[in-house]
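Subject: The model we talked about

Hi,

Please have it open while you read.

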Amino acid sequence: MRRNAVLFVAISLLSGFGSTTMSLVAGIWILDLTGSGGLAALAGVCVFAPVLAGPWLGGVVDRLPRRPTLIAVHLLLAATLLTMLAVRDAGDTWLILTVSLAYGVSYVLIDAGESALLPEALSAEHLGHVNGWRTSAQEGVKLVAPLAGAALYAWQGGHAVAAVSAVMPVLAAVLYTAVRLTRARPPAPDRRPGLRAGLAVIRQQPVIHRSVGLAGVAIGMSGFTTAAFYQVVTTDLGMPSTFLGVLLSAQGAGSIVAGLVAGRLVDRLGPVTVAAVGTVLFAVVCLARCLPWWPAAVAASVLAGLALPWALVAAVTAVQLHAPPPQLGRVAATATTAMFGPVALATPLGSAAVVLGARPPFVLAAALCLAAAAVGTHRPSRRHPAASGPAVDQDGTVSTAPSAADRWASSISSTVPTASSGSTGIGVPSRSDAATSA
């Protein structure tokens, strides 16, 4: 179990370094080639846009062997990144944008695939811990990767950054082959469209829809207050724009700490409670950012680093514990769309709201977060059985009773071949088996 945990954290480090570096440099590269800030920003839109297609991409993951799919996506991403070596002038900007779009698609596929693979490699009580550690790894990389990418770009140009970034998914693909799977592979899922199937599971499982809803509100409000955040720092506090870097670093430090303790909190309190704590804490962040004092802004950024990862880790863990194993990919991708999709609408609304001043958007965001936490944690006293994962109370607290997934895996274990030394894992065919079946 420890081996798999280390491998997944290492994969997060490699993937996070490559993606963060290339995402930053793509915009800088386009800006240098074209002089257009609009085209440079379009690179970020290309990375984000595929999140909206998450339910359908997640359905693709559910219909394929999960580990081979993750390996193939990483290798295809590496090959796609190498096409950027052909970029020479402004006429090749389309190629950078295409690669950015491919990065966005790969994010969704990898996120859905990993969410579905983790429960096959880790026990239920370890999921929250590993999700937290992976979050800490990703946030830690964000403190280093932008500087490293910018330095490499200034020294050797975009081609060098593309080459280094292409190595990272190849290394991650190698690490996937070393993961030991401990659960049987789910049977083929139903053929309902990804969005409908994913939403059906989220609606039916109280722990999932409450955790995902709370995380979606907190993350959405972080987008809604982005413009107000900039205005408070540069106008109300009178600080230089470079002070934003200090605040983002403070938030990153908070996120590292949040990830290290998130798993323990989820185990003790349950996903719904942890998601609610994160949402309430972000309301405190919004109110603290209204204060005309720069130390309060720093403290608020640290708290934001705690709040958002706690809500996110709680929601992701809830999905992994309670979604039916055959549908984990599409449910995870649908949940990701539900959590991050609102940012696309909330951010421009927040930009328009700052005409009222910087503080009204923060107050509104805080009120919405508190209201969401109140609604999300209000529940009847009766218990609901989970369709998958360990037995849980309404707040998602794991009990010691055998899980539905464990009973399901046990019932089909006699029909699933045991992994041999030449296979990739229990229930997942080796590359030679896949080639034979193809």
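The side chains of Arg134 and Glu114 form a salt bridge, 2.3 Å from N to O; the term stands for a side-chain nitrogen of Lys or Arg within 4 Å of a carboxyl oxygen of Asp or Glu. Arg134 belongs to helix H6 (residues 124-156) and Glu114 to helix H5 (residues 93-121), 20 residues apart. Both Arg134 and Glu114 are buried (under 20% relative accessible area, with exposed over 50% and partly exposed in between, using a 1.4 Å probe and protein chains only). Helices here are DSSP runs of H or I with at least four residues, and strands are runs of E with at least two, numbered from the N terminus.

Before going further, a word on the source: this is a predicted model, where local features need pLDDT of at least 70 and side-chain atom pairs count only at pLDDT 80 or more, while totals for chains, interfaces and linings use all residues. Residues are numbered from 1 along each chain as its sequence is written, and side-chain values use heavy atoms, leaving out hydrogens and water.

The count comes to five salt bridges. Another one pairs Asp62 with Arg330 at 3.0 Å, N to O, linking helix H3 (residues 54-62) to helix H14 across 268 residues. Asp62 is buried at 5% relative accessible area, and Arg330 is buried at 0%. Arg359 and Asp236 also pair, with their closest N and O atoms 2.8 Å apart; they sit in helix H15 and helix H10 respectively. Here Arg359 is partly exposed at 30%, as is Asp236 at 31%. Through shared partners, salt bridges join Asp62, Arg66, Glu120 and Arg330 into one network.

Overall, the chain has 17 helices and zero strands, and 53% of its 438 residues count as buried.

Finally, confidence: pLDDT, the predictor's confidence in each residue from 0 to 100, averages 81 over the chain, and 82% of the residues score at least 70. Over residues 398-438 the pLDDT is below 50. Where pLDDT is low, the predicted coordinates should not be read in detail.

Best wishes

Definitions and conventions: Contact = heavy atoms within 4.5 Å.
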